[in-house]
Amino acid sequence: MPRAKVSRKSTAIDMTAMCDVAFLLLTFFILSAKPKVEDPIHADIPASTTIQALPEVDFAQLLVAQGKVIFSVEGADVRLETLKGMADQYKIDFTPEELKAFQGLDNVSVPIGVLKQYLNMTNQERAGVAKTGVQVDTTDNNELYWWVKNARKADKLVHNKELKIAIKGDSKEEYPTIAKIIKTLQKQKVNKFGLITSLKAATK
Amino acid sequence: MAELDTSGGGKHKGGKVRSKKASTRVDLTAMVDLAFLLITFFILTTTLQKPKAMDLTMPDKDDNHNQLPVPETRTMTVLLGKDNKLEWYMGLPQKPLTPPSVTNFGKAGIRESLIEQGKNVLAKSGKEMIVLIKPSDKSTYSDMVSMMDELNIVGNQQRAIVDISPMEVDLLKRDNIY
């Protein structure tokens, strides 16, 4: 009796479907990826049990660490209008190139006085500039006040929405700095804002 | 499928149509490897956990005429001192209804007092307790956030962040947490 012949089938698996899925996922992740913006100064944010997510548009952030404040606002169009407002306020003329450079700037980490100079630098030169942050004090006329004010105006103009403001503070930051910022915000009747925290499990 | 049809187009010089025997399948293994490698990279680099924001509403400063008198029996004042310590009392600083006591954050600390006093106030007046948070200059941002978080955990909505008074600073100094 002849032995049953084992059919010699190819062991190669058809990879087409797997390849399709892999690339589909890859496309999804590439498109949904948002480049992580590196903060100019490190802030170790406190943890809380809040689960409310942060808005991604119509949103401004105040990064507070080492006694400095760094201002940033989402959206290139809003940024442009904000800078135009600031230019009017401080009587500084920005060239179209500078306006364009500002649109691509993630955050405002230098005082308004040197911003023009800062915008004309290359990325490498910018890295070497000391990040002194936006000037803030308890007077009515501090820079942060005008940044926030103009950003709010700009957002109203461009998107017709209320700008949401959040404070991202370092855990070790002393309260007086925070109090100064809160006072500045309250001067323009911003009584509601967010505090950015990381998630921690509630200790039951 | 992914095979390429290379058998056709038989316009060879010799006029002989030769069908190739070799498999025309493209080996996709390397390509899949690469795709998964990139997927892994993107999964790991994207920030999966978006930052969370805690809402903070401050009392309106200009509406002085609108302020309601706060019954002292319903008021709990929490003073934030240094080294993540805090001090709390009920009522007014001049004549507190409970002696000011120093405690810390967390389950066994302020949360216990918040729950206990909250119940007392609710039983006496039928209303929610009002919590005044007074951060001193020696407290940190994380203290403020922790305190707000404790109130969120116990579900207290009646709260405000208020400036500290010199008398309360003295109280903190007395208890060595300023």
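Helix axes here are lines fitted to C-alpha atoms over the stretch in contact, and the angle between two of them runs from 0 to 180 degrees between their N-to-C directions. Keep that in mind for the first stop, and remember throughout that you are looking at a predicted model.

**Stop 1: two helices in chain A**

Select residues 76-90 of chain A, which form helix 2, and residues 143-159 of chain A, which form helix 6. Their axes come within 8 Å and cross at roughly 130°. Angles over 145 degrees would count as roughly antiparallel and 65 to 115 as roughly perpendicular, so helix 2 of chain A is oblique to helix 6 of chain A. The crossing of these two helices is right-handed.

Now show the side chains where they meet. On helix 2 of chain A, look for residues including Val78(A), Gly85(A) and Met86(A); on helix 6 of chain A, the residues they meet include Trp146(A), Trp147(A) and Leu157(A). Colour this contact by class and you will find eight nonpolar, four polar and four charged residues.

**Stop 2: a loop in chain A**

Move to Gln66(A), in the loop between strand 2 (59-65) and strand 3 (68-73) of chain A. Most residues other than glycine have a negative phi. Gln66(A), however, has a positive phi, near 50°.

**Stop 3: where the chains touch**

Next, display both chains together. Here 41 residues of chain B are in contact with 44 residues of chain A. On the chain B side, helix 1 (29-45), strand 1 (52-57) and helix 3 (141-154) each supply at least two residues. Which of these elements of chain B gives the most? That is helix 1 of chain B, with ten residues. By class, the side of chain B that touches chain A holds 21 nonpolar, twelve polar and eight charged residues.

Stay here and select residues 192-199 of chain A, which are strand 5 of that chain. Six bridges join this strand to strand 1 of chain B, and the two run antiparallel. To see one pairing up close, pick Thr197(A), whose bridge partner is Lys52(B).

**Stop 4: the sheet of chain B**

Select strand 2 of chain B. Five of its six residues are buried, so the strand is largely enclosed by the rest of the structure. Six bridges join strand 2 of chain B to strand 5 (residues 130-135) of chain B, running parallel. Along this pair, Thr75(B) has Ile130(B) as its bridge partner, and Leu80(B) stands opposite Pro135(B).

**Stop 5: the hairpin**

Strand 2 of chain B is also joined to strand 3 of chain B, by five bridges, and these two run antiparallel. Leu79(B) has Glu87(B) as its bridge partner in strand 3 of chain B. The two strands form a hairpin with four residues between them. End your tour at Asp83(B) in the turn, which has a positive phi of about 55°. With 11 other C-beta atoms within 10 Å, Asp83(B) is exposed.

Definitions and conventions. Residues numbered from 1 in each chain as written. Chains lettered and ligands numbered in written order. Predicted model: local features only at pLDDT ≥ 70, side-chain atom pairs only at ≥ 80, totals over all residues. Contact = placed C-beta atoms within 7 Å. Nonpolar A, V, L, I, M, F, W, Y, C, P; charged D, E, K, R; others polar. Pairing = 2+ DSSP bridges. Buried ≥ 20, exposed ≤ 12 C-beta atoms within 10 Å, placed from the backbone. Parallel < 35°, antiparallel > 145°, perpendicular 65-115°, else oblique. Left-handed = near helix turned anticlockwise from the far one by under 90°.
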